[in-house]
Amino acid sequence: MNILRPPPTSSSSFPPYPNSGTLTAAASFTPTHNPISLCSINPPFTATGRPTRRQFFVRSASGTANSSAGDLSSFLGSSPEAYSTHNDQELLSLLRNRRTDEAWAKYVQSTHLPGPTCLSRLVSQLSYQSKPESLTRAQSILTRLRNERQLHRLDANSLGLLAMAAAKSGQTLYAVSVIKSMLRSGYLPHVKAWTAAVANLSAAGDDGPEESIKLFTAITRRVKRFADQSLVAQSRPDTAAFNAVLNACANLGDTEKYSKLFGEMSEWDCEPDVLTYNVMIKLCARVGRKELIVFVVERIIEKGVKFCMTTMHSLVAAYVGFGDLRTAERIVQAMREKRRDLCKVLRECNGEDLKEKEEEEEEEADDAFEDDEGLVYSARDEVIEEGSEDVFKKLLPNSVNPSDEAPLLPKVFAPDSRIYTTLMKGYMKNGRVADTARMLEAMRRQDDRNSHPDEVTYTTVVSAFVKAGLMDRARQVLAEMARMGVPANRITYNVLLKGYCKQLQIDKAEDLLREMAEDAGIEPDVVSYNIIIDGCILIDDSAGALSFFNEMRTRGIAPTKISYTTLMKAFAMSGQPKLANRVFDEMMRDPRVKVDLIAWNMLVEGYCRLGLIEDAKRVVSGMKENGFHPNVATYGSLANGVSLARKPGEALLLWKEIKERCAVKKREEAEGDSSPPMLKPDEGLLDMLADICVRAAFFKKALEIIACMEENGIPPNKTKFKKIYVEMHSRMFTSKHASQARVERRVERKRAAEAFKFWLGLPNSYYGSEWKLGPRED
């Protein structure tokens, strides 16, 4: 049974490639998203005769280096026959007149492959159109050239524009693939092209920020190799490129890397701008240094950097993120009062926070009890904070010796709708629904049109009502948006969808999904379908989840990692692990997504829910082979599976591995990335393992697990274990007919059982079996 229907083929009239056939479920993804492998020949030249990129030599299989296009013809698969000139002239004429759609039609109808100039220009103009259909066409050209080993016909400009268009449309992995292929082939992309990829990666989830830093480092290292920097002037990083990679560091909370890259800006003749310091505000918020935010603002004023409204947005967002709504409200009030002494306001807030913190520490010092372990952690935290302090001393030297008087803002900034909306989000997160609604009413009455509520504001109010479970009120806000002429966006509908699914009203969610497409003219995106697929799981409807997944792909919407893992969850929870495994295999074959530990764990959970331990162990082995280390969730699923399968021997092997992981110490000098990290087990995992061992009479191992629980501050459920022992093992070792050999073999087990009874407080060999209450006999 083919559970995953293939998505529709491209709507373009591009002729089929050789050896192309009907796509099956196993290979049903758009081939344009495959990683690219470019082959390079001599660089294209500009009108001045200067090469646009450095000379690149391709080494043949025999080991000889060839540098001419003629020598490379056999290796690259170049056709020896000359390009057709008549059709190329017509195609080039259309392109020069900006008749790109007609040029595309001419290209599709042509029976031969156009020359490099036409192909490069066609890809460039299609990419520049910034339309999904045009981007798909440009990608199809690249796919055809790759299949025919003719990628050398495209120049650096066309590839750079394609990477920028892909990044702008959200296809980050594709954009990064193009940039990396250009680097491997000797091209140096334009700074705007590779900056777009770095910026998208920095804001992506998972390991996106790390990959962003790696890509930035790889490109700048390549640029540095040129003695004559004028040859690579268009590829040198600018302030925007540094802002993108600094944003990645801020998202990671990596102060050391941020400081290092910030210091490198002067080496590339780049000056920090206001966005650079806005990212620094984010860094302070990410590492919990709220008291330093005011010094970032003062540094902007001190350096004479042009102050703008985005900094005010960053300020309010930072304090809202800290949960410090009091300071956020003071900032907004100061803006409403047209005050320029914002730094003074922030300093006063810092002083109040410091005073409150000192009072709390004094109260805690009276009652707190710190053991030796706590002192060790306190010392470690202090070392980390000292290292962070040294970094911020370099970034913000004005924080070491602040001026006596707080500087004034260069001009007055009035709050706009984004400022108010950010504050409303703080109210929403704290469950202050009434304050959120009052803020909306206040914004409507503002004289300044820039302060009137927009679609983001209304969506925030909808989110507040949805979070409170007030779906009727949320729909009223949606209707009010239509009356006020504020069009709802896709995010607004997705929030409502999530609210209905959370309340198990899947029928209303389906109706809303149709309404947003038919009435509002807003096509659902992958997030919309992920929400409703997850809703199907809540009502145990795996068939419905699969139906929506296939509908999403039929619409041409590419599944994300969340789409796959959510569908896997539907099958895993419904007892269909083999179907979950098929979805996992599809995910592995999809080059647009990256399989993560969550997907592996979901597959393990599917098998363990049925007690299929051997299949689960096979998945865990595959996980390790792919560079993933089991975490607490993995071991928890395995423990549940062992309990369900009634195989206590597997629990001993599992505990041995967990015990080894718990013994791993964090060291500065790691042995390698492949070494498993330290594991901190949770209560559910240890309680399940102890339960299995007690039921199987593995009392020695049970005591080891209980000791581990106590070391991690987890109180064992002694009442439960006592009940299990009394019900299952109270008559253990009481047989009077056991042979002497059997008695000797059970000595160790009996000793462990007595120790376990001692821990439970049951009568044991350490104390008398009978306890008497009464007057003591002297």
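## A tour of charges, helices and cysteines

Begin by selecting Asp615 and Arg618, whose side chains meet in a salt bridge with 3.8 Å from N to O, a salt bridge being a side-chain nitrogen of Lys or Arg within 4 Å of a carboxyl oxygen of Asp or Glu. This is a predicted model, in which local features need pLDDT of at least 70 and side-chain atom pairs count only at pLDDT 80 or more, while totals for chains, interfaces and linings use all residues. Residues are numbered from 1 along each chain as its sequence is written, and side-chain values use heavy atoms, with hydrogens and water left out.

Both Asp615 and Arg618 belong to helix α29 (residues 613–625), three residues apart, or about one turn of the helix; helices here are DSSP runs of H or I with at least four residues, numbered from the N terminus. Arg618 is partly exposed at 44% relative accessible area, where buried means under 20%, exposed over 50% and partly exposed in between, using a 1.4 Å probe and protein chains only.

Next, select Glu657 and Lys624, whose side chains form a salt bridge of 3.1 Å, N to O. This pair links distant parts of the chain, with Glu657 in helix α31 (residues 648–662) and Lys624 in helix α29, 33 residues apart.

Move on to helix α32 (residues 683–695), which holds both Asp691 and Arg695, four residues apart. These two form a salt bridge whose closest N and O atoms are 2.7 Å apart; Asp691 is buried at 9% relative accessibility, whereas Arg695 is partly exposed at 42%.

The whole structure has 43 salt bridges.

Helix α13 (residues 293–302) is a mostly covered stretch, with eight of its ten residues buried, among them Phe295 and Arg299. Just after α13, select Gly304, which takes a positive phi of about 75°.

Finally, turn to the cysteines. A search of the whole structure finds zero disulfides, a disulfide being a pair of cysteine sulfur atoms within 2.5 Å. Select Cys536 together with Cys501, since the sulfur of Cys501 is the nearest cysteine sulfur to that of Cys536, 7.2 Å away.

Conventions
Helices (H or I, at least four residues) and strands (E, at least two) are DSSP runs, numbered from the N terminus.
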